Amino acid sequence: MKVLVMDGVSEEGLKPLRENPEIEVVIGQKMTEDELCAAISQYDAMIVRSATKVTAKVFESAANLKVVGRAGVGVDNIDLEAATKKGALVVNAPDGNTIAACEHSIAMMLALARNVPQAVGKMKEKVWDKKAFLGVELRGKTLGVLGLGRIGSAVAKRAQALEMNVIAYDPFITEENASRLAVELMPLEEVFKKSDFITIHMPKTKNSYHLINDNTIAQMKQGVRIVNCARGGIVDEEALYKGMMSGKVAGAALDVFEKEPNLESPLLELPNFIATPHLGASTREAQLNVAVDVAEEIVNALTGKLVKNTVNIPSISPKALAVIKPYLGLAEKLGRFHAHLVDGRIKKVEVVYSGELASQDVMPLTTALLKGLLDPILQESVNFVNAPLLAKNRGIQVFQTTDGDSEGYANLISIKVYTDSGDKCLAGTLFGQSDARLVMIDGYRIDAVPSQHMLYIPHVDKPRIIGPVGTLIGEHNINIAGMQVGRKEIGGKAVMILAVDGLVPDETLKEIAAIDGVIEVKMINL
Ligand SMILES: NC(=O)c1ccc[n+]([C@@H]2O[C@H](COP(=O)([O-])OP(=O)(O)OC[C@H]3O[C@@H](n4cnc5c(N)ncnc54)[C@H](O)[C@@H]3O)[C@@H](O)[C@H]2O)c1
Ligand SMILES: O=C(O)[C@H](O)COP(=O)(O)O
């Protein structure tokens, strides 16, 4: 397996990849989008920082790409929708650079308050200017933290140690979390109104794009100082320029820009503006941390082990995974069985988990089930990453519920698929840790081991059906490994499930379908 490593990711941190004999590491040089598109098909995985843009076009050219690792937090340089559509997993390393980014934010705030970069610049010009750089103290000032996550919280703690009064805006965290940090959560307008310093620590999203704009700057305190070490684009740089020119904003420090690299910004001309070239995560410690974290995740992803920091699919705790893992195969088989049963366009899938599964995080089982259901139907490759998106893109509604009543089984997965031409249901259970059984098909109780090749034959419950079916299959030298018949009442409709040791030819299927009393014949390949 080949892994392409871009953007100068720490060599030392690539050890987990280098130590795996099945993995070849290729260090890539800066490439254009077209160059990357031409190269990417030979790679199974790729690691990037923020410089390389992994666009939809790159994913389209990536025939073998299974996983993209971001050695860092922000994934706005990776087209997540295209990754998911392609079935490529995206993982990041969210914890490794928290302290680096936090310390850089504090450094920027102090540098801003005391004009450190400007004064250093003068010294380097051999000018001893003691009068031009009258600063302000942080003690007693109010710091507004926008985004109280990993970095925002770490900044808040350090700002409190500098005796600042810390308030925050973060609509996605609880009051309890904020009060544990002794930080008061407030509406955004309040934070703008009260803050002497504002520091930004949220991701760039549709909601946060240009959050700092003409209108919001107008709501701020006269003489506010703004620090952004999160993402370019959260601050509207034109509005900031105007705010600084008018004197409303006394100073600003940016580590990140809407367009990077950026040496053309008019902001750079302003004496009270300071900037660094996206250095927030650039410490030896952070780079080692994120490289190790992401390299380990890539090894796990390529070798089929649990991956923690997934960005485009929900991750699951190892404890929860251990409980549901034995059911993944059963769920996928139920989906795959169903794919052969249904005729017509699938409109809706309902899955009910009962018994001991009712209290578990069963989302991965539904994903496995969708993978099994869609894989035999679709041309494109279906996997655990893209199965839910493929279902959504095809307008298939998926409902997942739990139910305490497992009809006497310790656990039960029931799936009902609605199509243009009606609906069909199927249920399965697991005896012990690995003994899967189909226990219900279209309301008929059965007890069949899901095997590689099976025949599903609904028929009228009358003599001279089972024998002729067996004879026809035997004539083709195909062994019948097992048979189950389910019926509700004597002489009514019944279903026959046969496990066979090979594919039954289409001609024979037609002959079976012609037997008097046979309603339908379907070959099921699991
Ligand atoms: N400059 C750098 O080199 C550097 C380094 C690391 C991280 N970062 C960036 O810093 C930012 C924060 O990283 P983190 O690890 O703390 O992330 P995090 O996910 O731990 O925290 C982000 C917080 O922002 C909040 N949030 C999301 N949308 C918001 C909105 N519209 N308004 C207010 N709050 C909102 C979330 O609830 C969360 O608490 C990210 O943008 C990341 O990419 C930059
Ligand atoms: O999101 C991040 O982790 C930071 O912005 C760091 O980006 P970098 O790896 O390009 O320095």
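Predicted model: local features only at pLDDT ≥ 70, side-chain atom pairs only at ≥ 80, totals over all residues.
**Exercise 1. At roughly what angle do the axes of helix α13 and helix α14 cross, and within how many Å do they come?**

Residues are numbered from 1 along each chain as its sequence is written, and chains are lettered from A and ligands numbered from 1 in the order in which they are written.

*Solution.* 
- Step 1: find the helices. Helix α13 covers residues 318–341 and helix α14 covers residues 363–374. Helices (H or I, at least four residues) and strands (E, at least two) are DSSP runs, numbered from the N terminus.
- Step 2: read the geometry. The two axes cross at roughly 30 degrees and come within 6 Å. Axes are lines fitted to C-alpha atoms, for helices over the stretch in contact, and angles run from 0 to 180 degrees between N-to-C directions.
- Step 3: name the arrangement. α13 and α14 are therefore roughly parallel to each other. Angles under 35 degrees count as roughly parallel, over 145 as roughly antiparallel, 65 to 115 as roughly perpendicular and the rest as oblique.
- Step 4: find the handedness. α13 and α14 cross in a right-handed way; a crossing is left-handed if the near helix is turned anticlockwise from the far one by less than a right angle, and right-handed if clockwise.
- Step 5: list contacts (C-beta atoms, placed from the backbone, within 7 Å). Among the residues that make the contact are I324, Y327 and L328 of α13 and P364, L365 and A368 of α14.
- Step 6: sort them. The contact of α13 with α14 has 12 nonpolar, three polar and four charged residues. Here Ala, Val, Leu, Ile, Met, Phe, Trp, Tyr, Cys and Pro count as nonpolar, Asp, Glu, Lys and Arg as charged, and the others, Gly among them, as polar.

**Exercise 2. Describe how α16 packs against α17.**

*Solution.* 
- Step 1: helix α16 (residues 466–475) and helix α17 (residues 506–513) have axes 10 Å apart, at an angle of about 165 degrees.
- Step 2: α16 and α17 are therefore roughly antiparallel to each other, and their crossing is right-handed.
- Step 3: from α16, V469, L472 and I473 meet T508, E511 and I512 of α17. The classes are four nonpolar, one polar and one charged.

**Exercise 3. Describe how α5 meets α7.**

*Solution.* 
- Step 1: helix α5 (residues 98–114) and helix α7 (residues 150–161) have axes that come within 9 Å and cross at roughly 50 degrees.
- Step 2: that makes α5 oblique to α7. The crossing of α5 past α7 is right-handed.
- Step 3: the contact includes T98, I99 and A101 of α5 and R150, I151 and A154 of α7. Seven of its residues are nonpolar, two polar and two charged.

**Exercise 4. Which domains give residues to the shell around ligand 1?**

*Solution.* 
- Step 1: list the domains, whose bounds come from an automatic or database domain assignment. They are domain 1 (1–95 + 283–313), domain 2 (98–275), domain 3 (316–442) and domain 4 (452–526).
- Step 2: domain 1 and domain 2 both give residues to the shell, so ligand 1 lies between them.
- Step 3: look at the neighbours (C-beta atom, placed from the backbone, within 6 Å). Of the 32 residues around ligand 1, G74, G147, G149, F172 and G280 come nearest.
- Step 4: α5 and α7 are the elements giving two or more residues, and α7 has the largest share, three residues.

**Exercise 5. Where are E163 and P261 found?**

*Solution.* 
- Step 1: E163 sits in the loop between α7 and β7 (165–169). E163 has a positive phi of about 65 degrees, although it is not a glycine.
- Step 2: P261 is in the loop between β11 (249–254) and β12 (273–275). A cis peptide bond with omega of about -10 degrees joins E260 and P261.

Technical notes:
Contact = placed C-beta atoms within 7 Å.
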